[in-house]
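Hi,

Here is the structure I promised to pass on.

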Amino acid sequence: MNITMIGTGYVGLVTGTCFAEFGHHVTCVDKLTDKIEQLNAGHIPIYEPGLDALVAKNREEGRLQFTTDVAGAVAGADAVFLAVGTPTSRRGDGYADLTYIYEASKELAAHLQGYTVIVDKSTVPVGTARQVARIIKEENSTADFDVASNPEFLREGAAISDFMRPDRVVIGVESDRAEQVLREVYKPLYLQESPILSTTVETAELIKYAANAFLAVKISYINEMAAVCEAVGADITALAKGIGMDGRIGSKFLHPGPGYGGSCFPKDTLALMRIVQEYGESVRIVEAAVEVNSAQKARMVKKIRDALGGSEAGKTIAVLGLTFKPETDDMRESPAVSILPALLEKGATIRAHDPKGMEEAKKYLPDGIQYVENAYEACEGADMVVLMTEWNQYRALDLDRIASLLSKPIFVDLRNVYDPQTMKEKGFTYVGVGR
Ligand code: UDX
């Protein structure tokens, strides 16, 4: 099949490359000339494990191309996927900004040839696919097309395996013709028996928000339970196991931490709140999850301050991990972006390390943070170390070395990576989350 991917951001690039790996002919389009030049020179603008090799292989085998030419890419495509950004609107009201979706729809309309399915891949409010259809009709009244919604559920850092072995594929369609095209696109997954759920367009649009909001609720719930554990002297790790063994609850997404971040949960929870408001409904549980998540970040600042004896002024804090989670260089909504400025403001010196995110971090964090080469350099002479993001390389630190490098052996583990008893035996004052 011939597939066009409009937008070479995180979702577009991963999805386009994986479709090429399925054997389809994929053309990825972006307006950013620089980005397309870089991609054509073999440079991948994001860090995602395995993506560079997969892009290289599919380009070599002639199934994956990058271009700025929308007209050429859209003509002759069986399916055109819209994977442009839908950031939270600059108005600050939580709505998703759909400018790029509408601009792309307008631009591609004139170039459609033969029957084409236009697929919303970006996370968009309910009703967007119908707007896209309206725009295309207005621009090109003879176009033969359907619109569809095909939300993505990729986790950064694990996007390729999530794509190749999904829990499910959701396709929202309004005609059999469109459904046939999308089933053909995903045929390799069908053959390996990945479930493909076909729904109406509106339901598919809402499934994405409902799934992400549910996961955000689950994380805020366990973070709140962690605070309860601290209050009553219980242990969150055992508690999470104890509830997670109930098949109805499930053990995944029950890790307490400094609060969820990233490009999806914060944006999608706010957008869902706004969408339902427009219909006179509310999602109070989601609102509470959002509030708990902000409070969790503030709670982490207090945790660090308390571990330093009540004040961070004049103290040096070693910070391990800056990205919102491991295996990505993404800093969007990372807890570090709220926590570190609060500490700096109160007079702390921060010495930070991250395996992949330091260049990105500089764009998101205030000046004045020292960036160092490795975890040990960060700890040299520091008053405390804070493990912020659970990168694998921080899971097996030489703890004796860390203890000897720190001026005071205080270890704040915001991801509960280490065992409290072992840390105590190593001479650390150890502080976790909910234990
Ligand atoms: C998420 C969804 O998982 C994915 O399906 C969707 O398409 C996009 O949003 P992603 O943002 O890449 O993916 O990260 P994810 O692994 O889900 O983690 C999100 C945040 O939650 C991270 O900040 C992570 O640290 C935090 N988290 C996750 C927890 O604090 N505890 C958990 O148990 C799980």
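Predicted model: local features only at pLDDT ≥ 70, side-chain atom pairs only at ≥ 80, totals over all residues.

Let's start with Phe 411, which is buried at a relative accessible area of 0% (buried means under 20% relative accessible area, exposed over 50%, partly exposed in between, with a 1.4 Å probe and protein chains only). Residues are numbered from 1 along each chain as its sequence is written, and side-chain values use heavy atoms, with hydrogens and water left out.

On to the rings. I paired rings of Phe, Tyr and Trp (its six-membered ring) if their centres lie within 6.5 Å, calling planes under 30 degrees apart stacked, over 60 edge-to-face and the rest tilted. That rule gives 11 aromatic pairs. Phe 411 and Tyr 418 have ring centres 5.5 Å apart and planes at 70 degrees, so they count as edge-to-face. Tyr 418 is buried too, at 9% relative accessibility. Phe 411 also pairs edge-to-face with Phe 428, at 5.6 Å centre to centre and 80 degrees between the planes. Phe 411 sits in strand β13 (residues 410-413) and Phe 428 in the loop between α18 (420-425) and β14 (429-431), so this pair ties together parts 17 residues apart in sequence. Helices (H or I, at least four residues) and strands (E, at least two) are DSSP runs, numbered from the N terminus. Elsewhere, Phe 19, Phe 22, Phe 81, Phe 163 and Tyr 186 make up one aromatic cluster.

Which strands make up the open sheet of six? The order is β11-β10-β9-β12-β13-β14, with parallel pairing (two strands pair if DSSP finds at least two bridges between them). At the edges are β11 (370-371) and β14, each pairing on one side only. Strand β12 (residues 384-387) runs parallel to β13, joined by three bridges, and Val 386 stands opposite Val 412 in β13.

Two charges sit over rings (NZ of Lys or CZ of Arg within 6 Å of the ring centre and within 35 degrees of the ring normal). Lys 362 is over the face of Tyr 371, 5.2 Å from the ring centre, and Arg 401 is over the face of Tyr 376 at 4.0 Å.

Last, the cysteines: the whole structure has zero disulfides, taking a disulfide as a pair of cysteine sulfur atoms within 2.5 Å. For Cys 28, the nearest cysteine sulfur is that of Cys 18, 11 Å away. Cys 28 is buried, with a relative accessible area of 0%.

Cheers
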